[in-house]
Amino acid sequence: MLDDLESAEQEKLTPIVSQQQSYKTKLSAFGTLESSLTALRDAATKLSDPETFTAVKNSMTGDAVTASTTGDAVAGRYQVSVSQLAQSQSVVSKGYGLEDSLKMSGTLTFSVGEDSFNVEVADGDTLADLRDAINAKKGGVSATIINDGTASRLVLSSTETGTDSVMSVKSAADGDALDQAFGFTTAVSTDEATGEKTTTFTAASGGAMEEAVKSQNAELTVNGIDITSQSNTVEDALQGVTFNLTSTTESAETLSVSKDTASMTKAVKAFVDVYNSFQSTADNLTSYDSESDTAGTLLGNSTMRSIESRLRSVLSYSDSEGTFSMLSDLGIERQLDGTLEIDDDKLSDAITNDSDAVSQFFSGADGESGLVASIDDTMGSILDDGGLLQTATDGIDTTLSSLDDRYTRMQESIDATVERYRTQFASLDSLVSQMNSTSSYLTQQFDALSAQLNQ
(Lines give C-alpha, C1' and ligand atoms only; values in the text may rest on other atoms or scores of the structure.)
Protein backbone atom coordinates (compact mmCIF):
# COMPACT_ATOMS: atom_id res chain seq x y z
CA MET A 1 0.00 0.00 0.00
CA LEU A 2 2.86 2.37 0.84
CA ASP A 3 4.48 1.67 -2.57
CA ASP A 4 1.19 2.39 -4.31
CA LEU A 5 0.80 5.66 -2.42
CA GLU A 6 4.37 6.66 -3.30
CA SER A 7 3.74 5.92 -7.00
CA ALA A 8 0.61 8.04 -6.86
CA GLU A 9 2.54 10.91 -5.28
CA GLN A 10 5.29 10.66 -7.95
CA GLU A 11 2.66 11.37 -10.61
CA LYS A 12 2.76 14.98 -9.39
CA LEU A 13 6.19 15.22 -11.10
CA THR A 14 4.88 14.16 -14.52
CA PRO A 15 3.67 17.63 -15.64
CA ILE A 16 6.98 19.17 -14.63
CA VAL A 17 8.99 16.50 -16.48
CA SER A 18 6.81 17.00 -19.57
CA GLN A 19 7.43 20.73 -19.49
CA GLN A 20 11.18 20.16 -19.04
CA GLN A 21 11.27 17.82 -22.03
CA SER A 22 9.29 20.29 -24.13
CA TYR A 23 11.69 23.15 -23.40
CA LYS A 24 14.75 20.95 -23.92
CA THR A 25 13.35 19.94 -27.31
CA LYS A 26 12.97 23.62 -28.19
CA LEU A 27 16.50 24.31 -27.05
CA SER A 28 17.76 21.51 -29.32
CA ALA A 29 15.70 22.89 -32.19
CA PHE A 30 17.26 26.32 -31.76
CA GLY A 31 20.69 24.65 -31.78
CA THR A 32 19.86 23.00 -35.11
CA LEU A 33 18.60 26.32 -36.44
CA GLU A 34 21.79 28.09 -35.31
CA SER A 35 24.00 25.57 -37.13
CA SER A 36 21.99 26.03 -40.32
CA LEU A 37 22.16 29.83 -40.09
CA THR A 38 25.90 29.81 -39.36
CA ALA A 39 26.50 27.69 -42.48
CA LEU A 40 24.44 30.19 -44.50
CA ARG A 41 26.45 33.09 -43.12
CA ASP A 42 29.73 31.36 -44.03
CA ALA A 43 28.55 30.60 -47.57
CA ALA A 44 27.52 34.23 -48.05
CA THR A 45 30.86 35.48 -46.71
CA LYS A 46 32.63 33.39 -49.35
CA LEU A 47 30.88 35.48 -52.01
CA SER A 48 32.50 38.64 -50.64
CA ASP A 49 36.00 37.19 -50.83
CA PRO A 50 37.87 39.24 -53.49
CA GLU A 51 39.37 36.06 -54.91
CA THR A 52 36.01 34.39 -55.50
CA PHE A 53 35.18 36.37 -58.65
CA THR A 54 38.76 37.04 -59.73
CA ALA A 55 39.74 33.38 -59.69
CA VAL A 56 41.67 32.16 -62.71
CA LYS A 57 42.74 28.75 -63.86
CA ASN A 58 45.75 27.79 -65.92
CA SER A 59 47.06 24.96 -68.02
CA MET A 60 50.61 24.35 -69.19
CA THR A 61 51.79 22.26 -72.11
CA GLY A 62 54.84 20.12 -71.45
CA ASP A 63 56.47 19.01 -68.20
CA ALA A 64 59.42 21.39 -67.85
CA VAL A 65 57.43 24.21 -66.24
CA THR A 66 54.47 24.26 -63.90
CA ALA A 67 52.56 27.39 -62.96
CA SER A 68 50.32 28.58 -60.15
CA THR A 69 48.15 31.68 -60.40
CA THR A 70 46.41 34.23 -58.20
CA GLY A 71 43.47 36.49 -58.97
CA ASP A 72 45.91 39.12 -60.23
CA ALA A 73 46.86 37.01 -63.26
CA VAL A 74 45.73 38.36 -66.62
CA ALA A 75 43.93 35.99 -68.95
CA GLY A 76 45.94 35.13 -72.04
CA ARG A 77 48.42 32.73 -73.67
CA TYR A 78 52.12 32.94 -72.89
CA GLN A 79 55.08 31.18 -74.50
CA VAL A 80 57.67 30.04 -71.95
CA SER A 81 61.15 28.69 -72.74
CA VAL A 82 63.78 27.62 -70.19
CA SER A 83 67.40 27.60 -71.30
CA GLN A 84 69.04 27.13 -67.91
CA LEU A 85 68.00 26.04 -64.43
CA ALA A 86 69.23 27.76 -61.29
CA GLN A 87 71.63 25.65 -59.26
CA SER A 88 73.56 26.02 -56.02
CA GLN A 89 77.34 25.93 -55.75
CA SER A 90 78.98 22.76 -54.44
CA VAL A 91 82.65 22.42 -53.42
CA VAL A 92 84.59 19.24 -52.55
CA SER A 93 87.66 18.77 -50.33
CA LYS A 94 90.50 16.32 -50.74
CA GLY A 95 90.22 12.87 -49.15
CA TYR A 96 90.54 12.23 -45.39
CA GLY A 97 89.97 9.36 -43.02
CA LEU A 98 86.49 9.87 -41.57
CA GLU A 99 87.53 9.30 -37.94
CA ASP A 100 91.13 10.51 -38.26
CA SER A 101 92.15 13.78 -36.64
CA LEU A 102 92.55 16.65 -39.10
CA LYS A 103 95.61 17.69 -37.06
CA MET A 104 94.91 21.38 -37.54
CA SER A 105 93.17 24.12 -35.57
CA GLY A 106 91.97 27.68 -36.01
CA THR A 107 88.97 29.61 -37.31
CA LEU A 108 87.24 29.17 -40.67
CA THR A 109 85.09 32.05 -41.89
CA PHE A 110 82.29 31.08 -44.27
CA SER A 111 80.73 33.73 -46.50
CA VAL A 112 77.51 33.23 -48.43
CA GLY A 113 76.46 36.27 -50.40
CA GLU A 114 76.61 39.12 -47.89
CA ASP A 115 76.32 36.89 -44.81
CA SER A 116 79.11 35.14 -42.94
CA PHE A 117 79.75 32.94 -39.90
CA ASN A 118 82.74 31.40 -38.12
CA VAL A 119 83.52 27.80 -37.27
CA GLU A 120 86.18 26.95 -34.71
CA VAL A 121 88.36 23.92 -35.51
CA ALA A 122 90.16 22.35 -32.56
CA ASP A 123 93.24 20.18 -32.75
CA GLY A 124 91.97 16.61 -32.77
CA ASP A 125 88.68 17.37 -34.59
CA THR A 126 87.73 14.89 -37.28
CA LEU A 127 86.13 15.49 -40.66
CA ALA A 128 82.78 14.48 -39.11
CA ASP A 129 83.27 17.03 -36.31
CA LEU A 130 83.85 19.78 -38.88
CA ARG A 131 80.76 18.74 -40.84
CA ASP A 132 78.60 18.86 -37.70
CA ALA A 133 80.00 22.23 -36.63
CA ILE A 134 79.20 23.77 -40.04
CA ASN A 135 75.65 22.40 -40.11
CA ALA A 136 75.01 23.57 -36.54
CA LYS A 137 75.53 27.18 -37.66
CA LYS A 138 72.65 27.01 -40.20
CA GLY A 139 74.36 29.81 -42.04
CA GLY A 140 73.43 29.02 -45.62
CA VAL A 141 76.03 26.25 -46.07
CA SER A 142 75.20 22.57 -45.93
CA ALA A 143 78.03 20.13 -45.22
CA THR A 144 78.01 16.43 -45.92
CA ILE A 145 80.59 13.66 -46.34
CA ILE A 146 80.92 11.44 -49.39
CA ASN A 147 83.12 8.38 -49.46
CA ASP A 148 84.57 7.77 -52.92
CA GLY A 149 85.78 4.27 -52.05
CA THR A 150 89.28 5.33 -51.05
CA ALA A 151 88.72 8.28 -48.71
CA SER A 152 86.06 10.57 -47.27
CA ARG A 153 85.52 14.01 -48.75
CA LEU A 154 83.80 17.03 -47.23
CA VAL A 155 81.21 18.49 -49.60
CA LEU A 156 80.03 22.06 -49.02
CA SER A 157 76.87 23.21 -50.77
CA SER A 158 75.05 26.51 -50.71
CA THR A 159 71.51 26.04 -49.42
CA GLU A 160 70.21 28.55 -51.97
CA THR A 161 70.53 28.61 -55.75
CA GLY A 162 71.83 31.44 -57.90
CA THR A 163 74.92 33.60 -58.15
CA ASP A 164 73.87 35.66 -55.11
CA SER A 165 74.49 32.61 -52.91
CA VAL A 166 78.06 31.69 -53.88
CA MET A 167 80.37 30.60 -51.05
CA SER A 168 83.84 31.56 -49.90
CA VAL A 169 85.88 30.09 -47.05
CA LYS A 170 88.89 31.77 -45.45
CA SER A 171 91.12 30.81 -42.55
CA ALA A 172 92.08 33.39 -39.96
CA ALA A 173 95.67 32.98 -41.11
CA ASP A 174 96.17 32.95 -44.90
CA GLY A 175 98.27 30.07 -46.11
CA ASP A 176 98.07 28.02 -42.92
CA ALA A 177 97.01 24.35 -42.87
CA LEU A 178 93.29 25.12 -42.51
CA ASP A 179 93.38 27.61 -45.35
CA GLN A 180 95.18 25.20 -47.66
CA ALA A 181 92.79 22.36 -46.74
CA PHE A 182 89.45 24.18 -46.95
CA GLY A 183 90.00 27.76 -48.14
CA PHE A 184 88.65 29.15 -51.42
CA THR A 185 87.02 32.26 -52.85
CA THR A 186 84.27 32.74 -55.41
CA ALA A 187 84.06 36.05 -57.21
CA VAL A 188 80.98 37.27 -59.06
CA SER A 189 81.41 39.62 -62.01
CA THR A 190 78.77 41.32 -64.16
CA ASP A 191 79.09 42.04 -67.86
CA GLU A 192 78.25 45.72 -68.21
CA ALA A 193 76.95 45.28 -71.75
CA THR A 194 74.68 42.27 -71.18
CA GLY A 195 74.23 42.34 -67.41
CA GLU A 196 75.12 38.65 -67.32
CA LYS A 197 76.72 37.43 -64.10
CA THR A 198 79.64 34.99 -64.06
CA THR A 199 81.37 33.36 -61.11
CA THR A 200 85.06 32.56 -60.77
CA PHE A 201 86.22 29.94 -58.29
CA THR A 202 89.75 30.14 -56.85
CA ALA A 203 91.20 27.67 -54.35
CA ALA A 204 93.46 29.03 -51.61
CA SER A 205 97.17 29.12 -52.35
CA GLY A 206 98.24 25.49 -52.38
CA GLY A 207 94.66 24.53 -51.49
CA ALA A 208 92.89 21.32 -52.33
CA MET A 209 89.23 22.44 -52.63
CA GLU A 210 87.57 21.86 -56.00
CA GLU A 211 84.33 23.29 -57.35
CA ALA A 212 82.07 20.35 -58.19
CA VAL A 213 78.98 22.32 -59.21
CA LYS A 214 79.05 25.92 -60.37
CA SER A 215 76.35 28.29 -59.11
CA GLN A 216 74.11 29.70 -61.79
CA ASN A 217 70.84 31.54 -62.24
CA ALA A 218 67.77 30.29 -64.01
CA GLU A 219 67.33 31.74 -67.49
CA LEU A 220 64.02 31.74 -69.32
CA THR A 221 61.96 33.76 -71.74
CA VAL A 222 58.27 34.65 -71.52
CA ASN A 223 56.81 35.73 -74.84
CA GLY A 224 60.34 36.34 -76.07
CA ILE A 225 61.43 38.50 -73.12
CA ASP A 226 64.61 37.31 -71.38
CA ILE A 227 64.28 36.73 -67.63
CA THR A 228 66.95 35.81 -65.07
CA SER A 229 66.06 34.35 -61.68
CA GLN A 230 68.14 33.34 -58.68
CA SER A 231 65.69 30.52 -58.03
CA ASN A 232 63.80 27.93 -60.03
CA THR A 233 60.66 29.38 -58.45
CA VAL A 234 60.07 32.52 -60.51
CA GLU A 235 57.49 34.83 -58.96
CA ASP A 236 57.85 38.23 -60.60
CA ALA A 237 58.16 37.42 -64.27
CA LEU A 238 54.45 37.58 -65.00
CA GLN A 239 51.74 39.31 -62.93
CA GLY A 240 49.88 36.89 -60.71
CA VAL A 241 51.84 33.87 -61.97
CA THR A 242 54.51 31.80 -60.24
CA PHE A 243 56.60 29.53 -62.47
CA ASN A 244 58.26 26.41 -61.09
CA LEU A 245 61.08 25.28 -63.36
CA THR A 246 61.98 21.59 -63.34
CA SER A 247 64.02 21.21 -66.54
CA THR A 248 65.11 23.06 -69.63
CA THR A 249 62.87 23.07 -72.69
CA GLU A 250 63.62 22.00 -76.22
CA SER A 251 60.80 24.17 -77.52
CA ALA A 252 58.51 26.77 -76.00
CA GLU A 253 55.74 25.59 -73.67
CA THR A 254 52.40 27.39 -73.62
CA LEU A 255 50.75 28.75 -70.48
CA SER A 256 47.03 29.43 -70.86
CA VAL A 257 45.36 31.62 -68.23
CA SER A 258 41.59 32.07 -68.17
CA LYS A 259 38.79 33.02 -65.81
CA ASP A 260 37.80 30.17 -63.52
CA THR A 261 34.08 30.59 -64.10
CA ALA A 262 33.45 27.09 -62.73
CA SER A 263 34.71 28.01 -59.26
CA MET A 264 32.73 31.27 -59.35
CA THR A 265 29.55 29.40 -60.26
CA LYS A 266 30.28 26.82 -57.59
CA ALA A 267 30.47 29.53 -54.91
CA VAL A 268 27.10 30.97 -55.93
CA LYS A 269 25.48 27.53 -56.07
CA ALA A 270 26.94 26.67 -52.67
CA PHE A 271 25.21 29.73 -51.22
CA VAL A 272 21.90 28.74 -52.83
CA ASP A 273 22.24 25.13 -51.64
CA VAL A 274 22.96 26.20 -48.08
CA TYR A 275 20.01 28.61 -48.12
CA ASN A 276 17.73 25.83 -49.36
CA SER A 277 19.08 23.59 -46.61
CA PHE A 278 18.14 26.27 -44.07
CA GLN A 279 14.68 26.52 -45.62
CA SER A 280 14.26 22.75 -45.31
CA THR A 281 15.31 22.92 -41.65
CA ALA A 282 12.88 25.78 -41.02
CA ASP A 283 10.05 23.87 -42.72
CA ASN A 284 10.67 20.82 -40.54
CA LEU A 285 10.73 22.88 -37.36
CA THR A 286 7.48 24.70 -38.21
CA SER A 287 5.55 21.91 -39.96
CA TYR A 288 2.10 20.56 -39.06
CA ASP A 289 0.70 17.14 -40.01
CA SER A 290 -3.09 17.22 -39.83
CA GLU A 291 -3.43 13.45 -40.22
CA SER A 292 -1.31 12.66 -37.18
CA ASP A 293 -2.03 15.99 -35.48
CA THR A 294 1.69 16.54 -34.85
CA ALA A 295 3.40 19.92 -35.02
CA GLY A 296 7.01 20.98 -35.52
CA THR A 297 8.88 22.03 -32.42
CA LEU A 298 8.93 25.74 -33.35
CA LEU A 299 5.52 26.01 -35.01
CA GLY A 300 4.09 29.39 -34.05
CA ASN A 301 7.28 30.41 -32.24
CA SER A 302 7.73 34.19 -32.43
CA THR A 303 11.54 33.99 -32.71
CA MET A 304 11.26 31.54 -35.62
CA ARG A 305 8.75 33.78 -37.39
CA SER A 306 11.01 36.81 -36.94
CA ILE A 307 14.06 34.95 -38.34
CA GLU A 308 12.17 33.79 -41.43
CA SER A 309 10.80 37.28 -41.99
CA ARG A 310 14.23 38.89 -41.75
CA LEU A 311 15.77 36.43 -44.22
CA ARG A 312 12.95 36.92 -46.72
CA SER A 313 13.53 40.64 -46.45
CA VAL A 314 17.30 40.49 -46.95
CA LEU A 315 16.94 38.31 -50.05
CA SER A 316 14.92 41.16 -51.56
CA TYR A 317 18.08 43.32 -51.47
CA SER A 318 18.38 45.71 -54.40
CA ASP A 319 21.47 47.48 -55.74
CA SER A 320 20.36 50.57 -57.66
CA GLU A 321 23.86 51.42 -58.90
CA GLY A 322 25.19 48.11 -60.19
CA THR A 323 24.68 46.24 -63.45
CA PHE A 324 22.83 43.54 -61.51
CA SER A 325 20.31 44.98 -59.07
CA MET A 326 18.56 41.86 -57.75
CA LEU A 327 19.20 38.15 -57.33
CA SER A 328 16.75 37.48 -60.14
CA ASP A 329 19.05 39.39 -62.51
CA LEU A 330 21.59 36.62 -61.89
CA GLY A 331 19.02 33.92 -62.55
CA ILE A 332 18.31 33.20 -58.87
CA GLU A 333 14.56 33.17 -58.21
CA ARG A 334 12.64 32.59 -54.98
CA GLN A 335 10.04 29.81 -55.32
CA LEU A 336 6.59 29.50 -53.71
CA ASP A 337 7.94 27.04 -51.14
CA GLY A 338 10.57 29.56 -50.05
CA THR A 339 13.56 27.89 -51.71
CA LEU A 340 15.85 29.45 -54.30
CA GLU A 341 16.20 28.10 -57.82
CA ILE A 342 18.98 28.91 -60.31
CA ASP A 343 18.61 29.51 -64.02
CA ASP A 344 21.97 28.00 -65.00
CA ASP A 345 22.16 29.73 -68.39
CA LYS A 346 21.41 33.16 -66.96
CA LEU A 347 23.93 32.77 -64.12
CA SER A 348 26.61 31.44 -66.48
CA ASP A 349 26.07 34.34 -68.86
CA ALA A 350 26.41 36.88 -66.03
CA ILE A 351 29.60 35.36 -64.64
CA THR A 352 31.22 34.80 -68.04
CA ASN A 353 30.53 38.25 -69.43
CA ASP A 354 30.76 40.46 -66.34
CA SER A 355 32.15 38.73 -63.28
CA ASP A 356 33.18 42.13 -61.85
CA ALA A 357 29.55 43.24 -61.82
CA VAL A 358 28.52 39.96 -60.17
CA SER A 359 31.17 40.55 -57.53
CA GLN A 360 29.91 44.11 -57.01
CA PHE A 361 26.37 42.86 -56.46
CA PHE A 362 27.50 40.52 -53.70
CA SER A 363 30.25 42.59 -52.06
CA GLY A 364 29.59 46.15 -53.24
CA ALA A 365 31.87 48.50 -55.17
CA ASP A 366 33.91 49.03 -52.00
CA GLY A 367 34.11 45.32 -51.19
CA GLU A 368 32.31 45.91 -47.90
CA SER A 369 28.65 46.37 -48.84
CA GLY A 370 26.30 44.64 -51.26
CA LEU A 371 24.05 41.66 -50.57
CA VAL A 372 26.64 39.88 -48.42
CA ALA A 373 26.95 42.84 -46.03
CA SER A 374 23.17 42.96 -45.71
CA ILE A 375 23.07 39.24 -44.98
CA ASP A 376 25.88 39.57 -42.44
CA ASP A 377 24.08 42.41 -40.66
CA THR A 378 20.90 40.35 -40.53
CA MET A 379 22.77 37.30 -39.31
CA GLY A 380 24.47 39.42 -36.67
CA SER A 381 21.08 40.44 -35.27
CA ILE A 382 20.18 36.75 -35.10
CA LEU A 383 23.40 34.93 -34.19
CA ASP A 384 25.65 37.38 -32.36
CA ASP A 385 25.64 38.03 -28.61
CA GLY A 386 22.37 39.62 -27.65
CA GLY A 387 20.72 38.47 -30.88
CA LEU A 388 17.38 36.74 -31.36
CA LEU A 389 18.68 33.23 -30.77
CA GLN A 390 20.54 34.10 -27.58
CA THR A 391 17.51 35.93 -26.21
CA ALA A 392 15.30 32.93 -26.97
CA THR A 393 17.69 30.32 -25.57
CA ASP A 394 18.44 32.43 -22.48
CA GLY A 395 14.70 32.54 -21.81
CA ILE A 396 14.48 28.75 -22.16
CA ASP A 397 17.47 28.26 -19.86
CA THR A 398 15.79 30.47 -17.24
CA THR A 399 12.55 28.49 -17.54
CA LEU A 400 14.40 25.18 -17.25
CA SER A 401 16.19 26.42 -14.17
CA SER A 402 12.85 27.39 -12.65
CA LEU A 403 11.40 23.97 -13.54
CA ASP A 404 14.41 22.28 -11.93
CA ASP A 405 13.67 24.20 -8.73
CA ARG A 406 9.99 23.22 -8.90
CA TYR A 407 10.97 19.59 -9.47
CA THR A 408 13.28 19.66 -6.45
CA ARG A 409 10.65 21.24 -4.20
CA MET A 410 7.98 18.82 -5.39
CA GLN A 411 10.28 15.84 -4.85
CA GLU A 412 11.03 17.05 -1.33
CA SER A 413 7.29 17.41 -0.68
CA ILE A 414 6.64 13.91 -2.01
CA ASP A 415 9.44 12.48 0.10
CA ALA A 416 8.00 14.21 3.20
CA THR A 417 4.49 12.91 2.43
CA VAL A 418 5.72 9.34 1.92
CA GLU A 419 7.72 9.55 5.14
CA ARG A 420 4.58 10.74 6.98
CA TYR A 421 2.67 7.82 5.49
CA ARG A 422 5.44 5.49 6.59
CA THR A 423 5.30 6.84 10.17
CA GLN A 424 1.49 6.60 10.28
CA PHE A 425 1.52 3.05 8.95
CA ALA A 426 4.18 2.08 11.49
CA SER A 427 2.04 3.52 14.31
CA LEU A 428 -1.07 1.77 12.94
CA ASP A 429 0.84 -1.48 12.66
CA SER A 430 1.94 -1.15 16.30
CA LEU A 431 -1.62 -0.38 17.42
CA VAL A 432 -3.04 -3.34 15.49
CA SER A 433 -0.39 -5.57 17.03
CA GLN A 434 -1.38 -4.38 20.55
CA MET A 435 -5.06 -4.90 19.83
CA ASN A 436 -4.39 -8.41 18.51
CA SER A 437 -2.46 -9.19 21.69
CA THR A 438 -5.31 -7.86 23.87
CA SER A 439 -7.84 -9.83 21.84
CA SER A 440 -5.84 -13.02 22.29
CA TYR A 441 -5.63 -12.45 26.06
CA LEU A 442 -9.37 -11.81 26.41
CA THR A 443 -10.16 -14.87 24.33
CA GLN A 444 -8.05 -16.98 26.68
CA GLN A 445 -9.80 -15.51 29.75
CA PHE A 446 -13.28 -16.04 28.34
CA ASP A 447 -12.40 -19.64 27.41
CA ALA A 448 -11.16 -20.29 30.99
CA LEU A 449 -14.29 -18.75 32.52
CA SER A 450 -16.52 -20.79 30.23
CA ALA A 451 -14.75 -23.97 31.24
CA GLN A 452 -15.32 -23.24 34.98
CA LEU A 453 -19.00 -22.55 34.49
CA ASN A 454 -19.50 -25.83 32.65
CA GLN A 455 -18.08 -27.95 35.51
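In which helix is Asp 179 found? Asp 179 lies in helix α4, residues 177–182. Helices (H or I, at least four residues) and strands (E, at least two) are DSSP runs, numbered from the N terminus. The model is predicted, so local features need pLDDT of at least 70, side-chain atom pairs count only at pLDDT 80 or more, and totals for chains, interfaces and linings use all residues. Residues are numbered from 1 along each chain as its sequence is written, and side-chain values use heavy atoms, with hydrogens and water left out.

Asp 179 is buried, with a relative accessible area of 4%. Buried means under 20% relative accessible area, exposed over 50%, and partly exposed in between (1.4 Å probe, protein chains only). Contact means heavy atoms within 4.5 Å. Residues up to four places away in sequence aside, Asp 179 touches Lys 170, Ser 171, Ala 173, Asp 174 and Ala 204. Ala 208 is 29 residues from Asp 179 in sequence, and their C-alpha atoms are 9.4 Å apart.

Lys 170 sits in strand β9, residues 167–171. Lys 170 is partly exposed, at a relative accessible area of 36%. Its contacts, not counting residues up to four places away in sequence, are Thr 107, Leu 108, Thr 109, Asp 179 and Thr 185.

Gln 89 occupies the loop between β3 (76–84) and β4 (90–96). Gln 89 is buried, with a relative accessible area of 0%. Its side chain makes a polar contact of 2.9 Å with the side chain of Thr 186. A polar contact is a pair of N or O atoms within 3.5 Å; within protein, one must be able to donate a hydrogen and the other to accept it, and residues adjacent in sequence count only if both atoms are side-chain atoms. A nonpolar core is a set of buried Ala, Val, Leu, Ile, Met, Phe, Trp, Tyr and Cys residues joined through side-chain atoms within 4.5 Å. The largest has 49 residues, and Leu 33, Leu 37, Phe 271, Ile 307, Leu 330 and Phe 362 have the most contacts inside it. Elements giving two or more residues to this core include α2 (14–47), α5 (261–285), α7 (344–363) and α9 (388–453). Helix α5 provides the largest share, nine residues. A second, separate core of 27 residues includes Val 121, Val 141, Leu 156 and Phe 201.

Thr 281 is also placed in helix α5. Thr 281 is buried, with a relative accessible area of 16%. Neighbours within four places in sequence aside, Thr 281 is in contact with Thr 32 and Ser 36.

Helix α6 (residues 302–314) packs with helix α8 (residues 370–383) at an angle of about 170°, with the axes 10 Å apart. Axes are lines fitted to C-alpha atoms, for helices over the stretch in contact, and angles run from 0 to 180 degrees between N-to-C directions. The two helices, α6 and α8, are therefore roughly antiparallel. Angles under 35 degrees count as roughly parallel, over 145 as roughly antiparallel, 65 to 115 as roughly perpendicular and the rest as oblique. From α6, Ile 307, Arg 310, Leu 311 and Val 314 meet α8 residues including Leu 371, Ile 375 and Met 379.
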